[in-house]
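This briefing is intended for a reader who is meeting the structure for the first time. Please keep the sequence and the model in view while reading.

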Amino acid sequence: MQAKISALYLKKLGFDGDFSPTLINLKRLLSLHVQAIPFGNLSSFLGKEVSLASDQIIQKLLIENREGYCLEHSSLTKIALTELGYETYNVLGRVYYQSSPVSTPVRTHLVTLVRIDQQLFLYDPGFGGMTPTTVLSLDQIGETQQTSLEPFRFVELTQSGLDATVLTEMTYMLQVCIHNQWINVYAINPQQQIADADALIANWYISTSPESIFTQNLMLSTANAEMRTTLKDRVLRTHDKGNSNKKELNTFDEFEDVIKTVFRIDISQAMVKETWAKLTLNP
């Protein structure tokens, strides 16, 4: 199956034509990825195992039309992009989005870095509701990089507004501009290439710890060039370039329709019912 991963990946993304490992194609891949493979945590929310074994990830994301979170997405992309001829590796980042930590957060966000012609790029389809929809350069520190939706930038940690004590071992902060304000997303150190075992430990923590948001809340997201769509528990939100809308899902039928038509996730009705039951038990 290993030799077929890239072919399955291109088929899942709907990439047609000849492929060569260029920056243009890398950007196209990421744009297609965030539309074709949703972010989500149905398994960890329901207390089910989340495997990082390559055959399990391939089966889940590329064949079964399921969702996944960063460790699954970026484990997959490292393998697929390497097969396609790119020089790639994974690093683990610390998340600061929508939080003001008083101590250093755990390294839990897995991303893929790609080197092309001696330049380093971020390829990250797995940050959920604020994942960049295009490839970002790590050779343009401090410069605004426009995506189809929000502007992003990498800055030195001294520009993040956070105390150095909560930024242990990190080098750059990814920021997003929302309502004319730059907001911290996550910090990475491009020099900290991880071993597979590092990802396994991070995955165990975020998929099993009672302190993890991935065991406490249901989170799904997808994006295209015009709009982001997210679901947190029973609240569905859409964000385009000028407007935001919110709707609470009050019935099982609404919830099932959103899972299967908005996020296009193929799960059994029994799993949908199990998820809805947990959401309505603790509304």
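**Helix packing and backbone geometry**

In α4, Ser 54, Ile 57, Ile 58, Lys 60, Leu 61 and Leu 62 are in contact with Glu 72, His 73, Ser 75, Leu 76 and Ile 79 of α5. Sorted by class, this contact of α4 with α5 comprises 6 nonpolar, 3 polar and 2 charged residues. The model is a predicted one.

**Arrangement of α4 and α5**

- Helix α4 spans residues 54-63 and helix α5 spans residues 70-83; the two pack at an angle of about 105 degrees.
- The axes of α4 and α5 are 10 Å apart.
- Angles of 65 to 115 degrees count as roughly perpendicular, and α4 and α5 are therefore roughly perpendicular to each other.

**Positive phi values**

- Most residues other than glycine have a negative phi.
- Gln 98, which is not a glycine, has a positive phi of about 55 degrees.
- Asp 233 is a residue other than glycine as well, and its phi is positive, near 55 degrees.

**Setting of Gln 98**

- The loop between β2 (87-95) and β3 (107-116) contains Gln 98.
- Gln 98 has a relative accessibility of 70% and so counts as exposed, the cut-off for exposed being over 50%.

**Setting of Asp 233**

- Asp 233 is located in the loop that lies between β11 (227-232) and β12 (235-240).
- The relative accessible area of Asp 233 is 22%, so this residue is partly exposed; buried would require a value under 20%.

Conventions:
Residues numbered from 1 in each chain as written. Predicted model: local features only at pLDDT ≥ 70, side-chain atom pairs only at ≥ 80, totals over all residues. Heavy atoms only, no water. Axes fitted to C-alpha atoms, helices over the stretch in contact; angles between N-to-C directions. Helix = DSSP H or I, 4+ residues; strand = E, 2+ residues; numbered from the N terminus. Parallel < 35°, antiparallel > 145°, perpendicular 65-115°, else oblique. Contact = heavy atoms within 4.5 Å. Nonpolar A, V, L, I, M, F, W, Y, C, P; charged D, E, K, R; others polar. Buried < 20%, exposed > 50% of the residue type's maximum accessible area, 1.4 Å probe, protein only.
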